[in-house]
Amino acid sequence: MACLLALPVVSSAQRMEFTHDDTLRGSITPERAWWDLTFYHLNVRVRLTDSTLTGSTTIRYRVLKANTVMQVDLQRPLRITRVEQDGESLSVRQDGNAWFVTLSKVQTPGSKESITVYYSGKPHVAKRPPWDGGMVWKHDKAGHWFIATACQGLGASAWWPCKDHMYDEPDSMAISVTVPEDLTDVSNGRLRRVTTNPDHTRTFDWYVQNPINNYGVNLNIARYEHWEETYSGEKGPLTLNYYVLPEHLDSARVQFQQVPKMLKAFEYWFGPYPFYADGYKLVETPYLGMEHQSSITYGNRFQNGYLGRDLSRTGWGLKWDFIIVHESGHEWFANNITYKDIADMWIHESFTNYSENLFTEYYYGKDAGAQYVVGCRANIRNDRPIIGIYNVNYEGSGDMYYKGGNMLHMIRQLVGDDAKWRQLLRGMNKTFYHQTVTSTQIEQYMIQQTGLNLKPVFDQYLRDVRIPVLEYKLVASGVQYRWTNCIAGFSMPVRVCYNETGPFQQLQPTTQWKTIAAKEVTSLLPDSNYYVNCRRVD
């Protein structure tokens with residue numbers, strides 16, 4: 001153990017410029033705010049000859065206040081061909097990737113209505129999925145089509161028309177996908193029927209009984225092999241379904257044995273799996289993976305670690321499959337508890353990164369979990385704040401993963417009661433069950449449940465790039481100490497030991513010098529479970 005003497009450089013504020021498109025995509029516009037989304041039926045045909053989509057989305061909604069213009073989103077080069085309500089064609093105006101539908105029918109507050117949006121065209125092709133998302137058009141080793149979607153940052157409107165803002169989710173959803181008859185589609189929820197059509201295609205009808213976020217909707221198309229099993233969980237039997245390419249069947253049957261282990265650990269920490277009604281699926285895809293609700297996608301090559309690497313450099317990350325653990329952790333933090341604005345994406349990624357630590361702890365012990373999360377600090381950049389910019393579809397720094405996970409690990413130290421900490425995590429998933437939330441809601445919940453003043457911690461680690469420095473100097477009366485390299489008025493307890501030996505004791509530093517009587521002290525060392533730096537000054 002040693003103090004970290006190299007301090008991160010505070011990045012200068014970046015002047016961001018956002019477009020009209022960014023505002024239409026990222027804000028709750030007046031044309032979105034007046035109606036409450038209740039149901040989608042996505043009906044799409046995938047044409048392999050020219051890589052196009054044709055189909056429709058039926059949108060059911062409840063009128064919150066009178067209005068005549070509705071915003072529906074669909075990204076270029078796809079086009080809306082027509083919109084109907086009660087059989088009547090409606091006028092549509094395009095503004096970039098937003099389409100404004102003028103309704104003829106009087107929209108009475110409290111009434112339940114629907115429109116059907118028809119569309120077609122070539123969807124955006126993913127360049128580096130899942131980070132640069134869209135449609136993925138690949139082939140398996142036998143030359144058969146291997147197709148998938150991944151669109152979190154880009155948005156679901158990259159491949160189907162929807163209300164593409166995260167604040168509003170449908171209560172349930174139907175998904176109908178038509179593909180050539182030699183292929184299988186796997187989407188979210190439960191498979192209700194497969195219909196063979198006269199034109200040598202098949203239609204797969206899936207139904208999602210729970211609320212679902214837009215980017216969590218997916219299609220996966222291949223010549224899949226399938227098997228299933230049942231997991232006995234906290235809420236009873238949970239169906240587990242697996243879909244993989246034939247050439248990987250044997251490897252998958254071995255690797256996917258980690259799924260029940262994952263569920264056991266996460267139900268312990270977070271509470272019951274949030275989507276028992278829709279089951280759990282793990283589906284092989286031609287990209288690394290994504291947290292599509294009840295349809296987790298997998299491309300980690302049937303090996304432990306992250307493509308065979310340990311992101312923590314401790315060895316613990318090679319004990320389990322990163323994609324199975326991380327992407328499934330998102331069922332609790334992303335799909336159950338979902339951000340309203342992508343600026344608060346840390347709610348998804350910080351907690352899910354931290355879930356890797358908790359999984360490790362569950363099976364290998366508390367020290368192993370701590371070593372894993374602390375080891376991941378080497379991946380932190382401190383380039384810009386973890387919280388992004390609101391209302392323009394702009395997420396924060398990628399530090400939301402490793403730095404966010406370390407912040408949560410540190411808050412656990414501040415709580416100092418593992419049973420209370422576990423109940424906080426379980427209570428969070430119960431309190432915000434199937435809801436969209438803001439960072440403020442999560443922060444206030446944690447402050448309330450812990451009884452601690454965590455606001456300075458959240459402001460420092462989520463909204464600032466600097467890592468606090470415990471600065472100390474040796475004086476005749478003992479040791480003086482304070483926090484520096486931090487926000488004004490920063491205050492947070494920290495455990496330290498003297499001379500790199502002996503038991504830890506807690507200090508209560510602020511940004512003002514404090515003195516503690518201590519004899520024969522030559523150094524002060526913070527507990528490594530606290531993500532802070534330290535520095536001796538003369």
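Helix 5 gives the largest share of the lining of the largest pocket, four residues; helices here are DSSP runs (H or I, at least four residues), strands are E runs of at least two, and both are numbered from the N terminus. The model is a predicted one, with local features needing pLDDT of at least 70, side-chain atom pairs counting only at pLDDT 80 or more, and totals for chains, interfaces and linings using all residues. Residues are numbered from 1 along each chain as its sequence is written, and side-chain values use heavy atoms, with hydrogens and water left out.

The largest pocket holds about 670 Å³ of space. On a 1 Å grid over the protein atoms alone, a pocket is an open set of points where a 1.4 Å probe fits, with protein on both sides within 12 Å along at least five of seven lines, and lining residues have an atom within 4 Å of a point. Grid points are joined across faces, edges and corners, and the volume is the space filled by probe spheres set on them. Of its 32 lining residues, Pro 130, Trp 131, Tyr 306, Glu 349 and Tyr 401 sit closest to the centre. Strand 19 (289-290), helix 5 and helix 6 (346-364) each give two or more residues to that lining.

Back in helix 5 (residues 322-329) is Ser 328. Ser 328 is buried, at a relative accessible area of 0% (buried means under 20%, with a 1.4 Å probe and protein chains only). Leaving aside neighbours within four places in sequence, Ser 328 is in contact (heavy atoms within 4.5 Å) with Met 262, Phe 266, Tyr 280, Ile 296 and Ile 323.

Note on methods. Buried means under 20% relative accessible area, exposed over 50%, partly exposed in between (1.4 Å probe, protein chains only).
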